[in-house]
Amino acid sequence: MSRSAETQAGGWLDANGGVFIAGIGLHPYQFPTETPYTVLGLTAVRAALADAGLPWDRVQSAYVGTTSIGMAAGRVMLRHLGSSGLAVTQVENASASGSFAFRQACMEVATGMSDVVLAVGVDKHGDGRRAANKDGLERLSETATIPAVKFAMMARTYLRERGASVEEMAGVAVKNHANAARNPFAQFRKPRTLEQVLASPRVVGDLTVQQCCPRGEGAAAVMVVSGHAIRKMGLDARRCVRVRASVAGSERPETHYGDSAVELVRSSAQAAFEQAGIAPQELDLLELHDAFSVEELLYSEAIGVCDPGEGARYLARGDSQIGGRCAINASGGLIGMGHPLGPTGIGQLAEITRQLRGEAEGRQHAHARWGMAHMIGLGSVSVAHVLSASA
């Protein structure tokens, strides 16, 4: 699909009666345990089926986002629901694995190949080995490919160029831990004060432990259906959230080191807004990749919910709080909810769906109509989805 066709308002997502999320399910994110990944994943899938009101035998295809479990994880897991002959595809794209699994599900529904498709992310904490460390090239620095080092340098640059303080950056973690404390699926469910965030052990540069996401395990699932399926199967259209945009991309060579992630976020978000036919300021909800606190400040500016250079002040004014202008990471984000990799992007979509339905008890952002889930992954790759309430 060409970029021009992909970014047309409506476009391919309007085919087959439109593309919708009909059901969501999660297994709480948690620190590593001996729980088999099949238990994690099937908990989320069964919840998503029940939420949609769909039996397993109506699912025609499944996309499984995972990074650390191994080959054929999806088929090994899903056979416990019954061997129905559905197509199973495993997707790996670093932090964006689940997001890309969802995108593939949307594409299959939009083309009319299927009317009911499962997108599920599941992961256990693995060894974290990356292809970048096996490309046969020598490094000037052994730490050059470590994300924490890269983002610590980006944080130092951001604070200097924006005139922001370390305390303002740490405010991202304070907000997101508070949101996670109200999320029953979050890995961290305890609010943190600014003093606690700043006093937590230093990781690198100005980043402390509580400004960095935890790794762990968990699962998230969504049922993707066509508009035709909603009518044919008698699903509750009021609880079906519409997918208005799905855009993916990767970094370009002209960007400087350290700027590539920000430019990638900017370009993919802009393309998603064009496809959805809305402006960034119309977003009510934004779930983004905040593996490190500085990312939320950088990406909120790049996505356009606030002006360039305004990220820290946008946060300080309360504009990114639940109840503010645009609730950013109402789930708790990667910092608070957790980042088990495979499920993370689908967990974002589940949170936005819950919010757009008005069902986010205890952390509901009032009158939410539009939401974006944005993820980046090592490589670097990006994927952005825009969702809207059904009515």
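This report covers selected helices and strands of a predicted model.

## Basis

Local features need pLDDT of at least 70, side-chain atom pairs count only at pLDDT 80 or more, and totals for chains, interfaces and linings use all residues. Residues are numbered from 1 along each chain as its sequence is written, and side-chain values use heavy atoms, with hydrogens and water left out.

Helices (H or I, at least four residues) and strands (E, at least two) are DSSP runs, numbered from the N terminus.

## Helix 2

Helix 2 covers residues 37-52. Its 16 residues should span 22 Å at 1.5 Å a residue, and the end C-alpha atoms are 23 Å apart, which agrees. The expected span is 1.5 Å times one less than the number of residues.

Buried residues (under 20% relative accessible area, 1.4 Å probe, protein chains only) of helix 2 include Tyr37, Leu40, Leu42, Val45 and Leu49. The buried residues of helix 2 pack against strand 1 (19-30), helix 3 (73-78), strand 4 (116-123) and strand 7 (217-226). Gly53 follows helix 2, with a positive phi near 75°.

## Helix 9

Helix 9 runs over residues 260-276. The 17 residues should span 24 Å at 1.5 Å a residue; the end C-alpha atoms of helix 9 are 24 Å apart, which agrees.

Twelve of the 17 residues are buried, so helix 9 is largely enclosed by the rest of the structure. Among them are Val262, Leu264, Val265 and Phe273. Ser260, Ser268 and Gln275 are buried too. Gly277 comes after helix 9, and its phi is positive, near 75°.

## Helix 4 against helix 13

Helix 4 (residues 97-110) packs on helix 13 (residues 344-357) at an angle of about 65°, with axes 5 Å apart. Axes are lines fitted to C-alpha atoms, for helices over the stretch in contact, and angles run from 0 to 180 degrees between N-to-C directions. The two helices are therefore roughly perpendicular (65 to 115 degrees).

Helix 4 makes the contact (heavy atoms within 4.5 Å) through Gly98, Ser99 and Phe102. Helix 13 supplies Gly345, Ile346, Gln348 and Leu349. Three of the contact residues are nonpolar, four polar and none charged. Here Ala, Val, Leu, Ile, Met, Phe, Trp, Tyr, Cys and Pro count as nonpolar, Asp, Glu, Lys and Arg as charged, and the others, Gly among them, as polar.

## Strand 8

Strand 8 spans residues 241-250. Seven of its ten residues are buried, so strand 8 is largely enclosed by the rest of the structure.

Strand 8 pairs (at least two DSSP bridges) with strand 1 in the antiparallel sense, over two bridges. There, Val241 is the bridge partner of Ile21. Strand 8 also pairs with strand 12 (residues 381-388), antiparallel, over eight bridges. Ser246 stands opposite His385 of strand 12.

Note on methods:
Parallel < 35°, antiparallel > 145°, perpendicular 65-115°, else oblique. Buried < 20%, exposed > 50% of the residue type's maximum accessible area, 1.4 Å probe, protein only.
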